[in-house]
Amino acid sequence: MRQWIHIGAVVCCIALAACSADKPKELLEIAEFEERQMNLPHAKQLYEEVIRLYPTSKEAATARTRLTALKHSQ
């Protein structure tokens, strides 16, 4: 049950990000949420997506920092 609630929350966040005009920010916020939830594989995937889709954004810089921190914490 708890897993379904988590999946529902992620789906809602992604749906909101699709409607937003500031997609890099929204993706970064979802990645940060996933990291706080200890869903690190998904957080890493989202950080990588921010970097790939918006490489020159300030969010990409933050995503790079977070990815580096996550890789060093393992």
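This is a predicted model: local features need pLDDT of at least 70, side-chain atom pairs count only at pLDDT 80 or more; totals for chains, interfaces and linings use all residues.
Lys71 is exposed, with a relative accessible area of 54%; exposed here means over 50% relative accessible area, buried under 20%, and partly exposed in between, for a 1.4 Å probe and protein chains only. Lys71 lies in helix 4, where helices (H or I, at least four residues) and strands (E, at least two) are DSSP runs numbered from the N terminus. Residues are numbered from 1 along each chain as its sequence is written, and side-chain values use heavy atoms, with hydrogens and water left out.

The protein chain contains four helices and zero strands, and its elements follow the order α-α-α-α from the N terminus. Of its 74 residues, 31% count as buried. The protein chain exposes about 5,100 Å², of which carbon and sulfur atoms supply 60%; accessible areas come from the Shrake-Rupley method with a 1.4 Å probe, and for residues only the protein chains shown count as cover. Contact means heavy atoms within 4.5 Å. Among contacts between residues at least 6 apart in sequence, 40% join residues at least 24 apart.

The packing of helix 2 against helix 3 is described next. The axes of helix 2 and helix 3 come within 8 Å and cross at roughly 160°; axes are lines fitted to C-alpha atoms, for helices over the stretch in contact, and angles run from 0 to 180 degrees between N-to-C directions. Helix 2 and helix 3 are therefore roughly antiparallel to each other, given that angles over 145 degrees count as roughly antiparallel, under 35 as roughly parallel, 65 to 115 as roughly perpendicular and the rest as oblique. Helix 2 passes helix 3 in a left-handed crossing, a term used if the near helix is turned anticlockwise from the far one by less than a right angle, with right-handed used if clockwise. The residues of helix 2 that meet helix 3 include Leu27, Ile30 and Ala31, and among their counterparts in helix 3 are Ala43, Leu46 and Leu53. This contact of helix 2 with helix 3 comprises eleven nonpolar, one polar and four charged residues; Ala, Val, Leu, Ile, Met, Phe, Trp, Tyr, Cys and Pro count as nonpolar, Asp, Glu, Lys and Arg as charged, and the others, Gly among them, as polar.

Pro24 is located in helix 2. With a relative accessible area of 11%, Pro24 is buried. Not counting residues up to four places away in sequence, Pro24 touches Val50, Tyr54, Ser57 and Glu59. Pro24 and Tyr47 are 23 residues apart in sequence and 9.8 Å apart in space, C-alpha to C-alpha.

Helix 4 also packs against helix 2. Helix 2 (residues 23–36) and helix 4 (residues 58–72) have axes 10 Å apart and pack at an angle of about 20°. Helix 2 and helix 4 are therefore roughly parallel to each other, and helix 2 passes helix 4 in a left-handed crossing. Helix 2 contributes Pro24, Lys25, Leu28, Glu32 and Glu35 to the contact, and helix 4 contributes Glu59, Thr62, Ala63, Arg66 and Leu70. Four of these residues are nonpolar, one is polar and five are charged.

For helix 3 and helix 4, the axes come within 8 Å and cross at roughly 145°, and the crossing is left-handed. Leu40, Lys44, Tyr47, Glu48, Val50 and Ile51 of helix 3 meet residues of helix 4 that include Ala60, Arg64 and Leu67. The contact of helix 3 with helix 4 has eight nonpolar, no polar and five charged residues.

Met38 is found in the loop between helix 2 and helix 3 (40–53). Most residues other than glycine have a negative phi. Met38, although not a glycine, has a positive phi of about 65°. At 61% relative accessibility, Met38 counts as exposed.
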